[in-house]
Amino acid sequence: MKEEIQNYVRNLFAEGKIKGFLGLKQKGTDIGPHLFTGADQLGELSLGDRENPAEARYPLDKILTHLASEHPNETLGVLVRGCDERALQLLFTVSMLDPDHVIPVGFACPAELAEKHQCWKPFPDALVAGEPAQGVVGGEDPVGSQMDLLGKLQQWFDTFDRCVKCFGCRNICPVCYCHECTLEEAALIPRGELPPANPNFLMTRAMHMVGRSLCVYCGLCEEVCPADIPLKSLYKLVARVVGQEGTTPEGLAAQQQAVGSKQQAISSGQ
Amino acid sequence: MDYKTVLTTCAYCGCGCGLYLEVLDGRLIGTLPSKTNPINEGKLCVKGWNIHEFVQHPERITKPLIRKNGTLTEASWDEALDYTASKLKEIKEAHGSDSIGFLASAKVTNEENYLIMKFARAAVGTNNVDHCARL
């Protein structure tokens, strides 16, 4: 699978279509984000394979927004999975990235990873390598799933109490693009004091992510949480409770299908 | 365009979390936790997440400062070291070794922390040594 990606990106370089390729690189025993600036460097490309294939994931789209803000006229390729592509689409919509200057190079996540992260579409439309695995729907409520609503709410609040307020969920989020973050609003969080009570803090973010149809359910927030709070599950639950059309994974999947043919035409036209 | 991620270890405490510093065109722009580091497994605390900020911070102290007539004034390393040494001697003679304490740092190496401990015990004669990363 890696060879197919390498060959595809080599061609992009050879045809002069990209100035660089943002992907992953094995650095000793570590795997981290890397900007490849020439075809000859692609031997070191990684797809995040560790004990399990493709499991090391980074918010490459978010890094891309930082590069694009300094170098808006350069075209870059970027390694994408299903979730990355969903984030990419959103960043195009809000003009954080220019689709004319981004070439997504996609690969399919293995079925085990899709299962682990409960991903309903574990492959991008700009698919270059890998066999698309079956999507997984569900997994919205591992906390107190057998309880009544109040018991459930209490269970969630008890879970929130574990929060150490590292803001990692926001920092890693590929679609957290606001220039002014509510979580840093002086009126809500006075500087030099402890952040507010945990339930409000995490629920504010949940409502923001879901209510504005931002969340792409990649689960990077959940993965990065030092307190193991199941944030993606919370967002899925909030999406269902809020009931806003197009915010649940199923709703987003339907939207994706509607524009899928258009995207396919774009990606095959490259 | 020059974008690099530099794998390093968090300097805020003794845990040793692995992180990537993001460098764009020679300037630090962000921190990402290493997803593959066996210590932190892709997680960081609030300090680690913001570790890139102090490096280029405009208020970072890069030269020794001595308070002269109530105002912190830039000084050379020689002047600062001479001043510190003479004051330490004065205090030790007037009030004894245990009137002095030493605070080491998580932002320096084990060897440097060893040296300050050695200096406190062997040169000054006190066991008053502590460390901000005594977690």
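Me: Hi! How is chain A divided into domains?
Reply: Chain A splits into domain 1, residues 2-136, and domain 2, residues 149-250. Keep in mind that this is a predicted model.

Me: And what distance separates the centres of those two domains of chain A?
Reply: Taken over C-alpha atoms, the centres of domain 1 and domain 2 of chain A are 25 Å apart.

Me: How many residues of each are in contact?
Reply: On one side there are 14 residues of domain 1 of chain A, and on the other 11 residues of domain 2 of chain A.

Me: Which elements give two or more residues to the domain 1 side?
Reply: Those are α2 (60-70) and α3 (82-93) of chain A. The largest share of that side comes from α3(A), with five residues.

Me: What classes do the residues on that side of domain 1 of chain A fall into?
Reply: Where domain 1 of chain A touches domain 2 of chain A, its residues divide into eight nonpolar, two polar and four charged.

Me: Changing topic a bit: where is A:Gln134 found?
Reply: A:Gln134 is in the loop between β6 (127-129) and α5 (149-160) of chain A.

Me: Is A:Gln134 buried or exposed, and why?
Reply: A:Gln134 counts as exposed, because it has 10 C-beta neighbours inside 10 Å, and the cut-off for exposed is 12 or fewer.

Me: OK, on to chain B. How many helices and strands are there?
Reply: Chain B has four helices and seven strands. Along the sequence they follow the pattern β-β-β-α-α-β-β-α-β-α-β.

Me: Is chain B compact or spread out?
Reply: Chain B is more spread out than a compact globule, because its radius of gyration is 19 Å, well over the 14 Å that the globule rule gives for 135 residues. The C-alpha trace of chain B spans about 55 × 30 × 20 Å along its principal axes.

Me: What share of chain B counts as buried?
Reply: Of its 135 residues, 19% count as buried. As for contacts in chain B with a separation of 6 or more, 39% are between residues 24 or more positions apart.

Me: What are the domains of chain B?
Reply: Domain 1 of chain B covers residues 3-55 and domain 2 of chain B covers 65-131. Their centres, over C-alpha atoms, are separated by 30 Å.

Me: Now the sheet in chain B. What's the strand order?
Reply: The order is β1-β2-β3 in chain B, an open sheet of three strands with antiparallel pairing. Since β1 and β3 of chain B stand at the edges, each with a single partner strand, one side of each is left without a neighbour in the sheet. From one strand to the next, the twist averages 30 degrees.

Me: How many bridges hold each pair?
Reply: Seven bridges join β1(B) to β2(B), and six bridges pair β2(B) with β3(B).

Me: Which residues stand opposite each other, say for B:Thr9 and B:Leu19?
Reply: B:Thr9 stands opposite B:Gly18 in β2(B), while B:Leu19 faces B:Pro33 in β3(B). Another bridge pairs B:Val23 with B:Leu28, the latter in β3(B).

Me: What does B:Asp25 do in the hairpin of β2(B) and β3(B)?
Reply: B:Asp25 takes a positive phi near 50 degrees, in a hairpin that has two residues between the strands.

Methods:
Residues numbered from 1 in each chain as written. Chains lettered and ligands numbered in written order. Predicted model: local features only at pLDDT ≥ 70, side-chain atom pairs only at ≥ 80, totals over all residues. Pairing = 2+ DSSP bridges. Rg over C-alpha atoms; globule rule 2.2 N^0.38 Å. Buried ≥ 20, exposed ≤ 12 C-beta atoms within 10 Å, placed from the backbone. Contact = placed C-beta atoms within 7 Å. Domains from an automatic or database assignment. Nonpolar A, V, L, I, M, F, W, Y, C, P; charged D, E, K, R; others polar. Axes fitted to C-alpha atoms, helices over the stretch in contact; angles between N-to-C directions.
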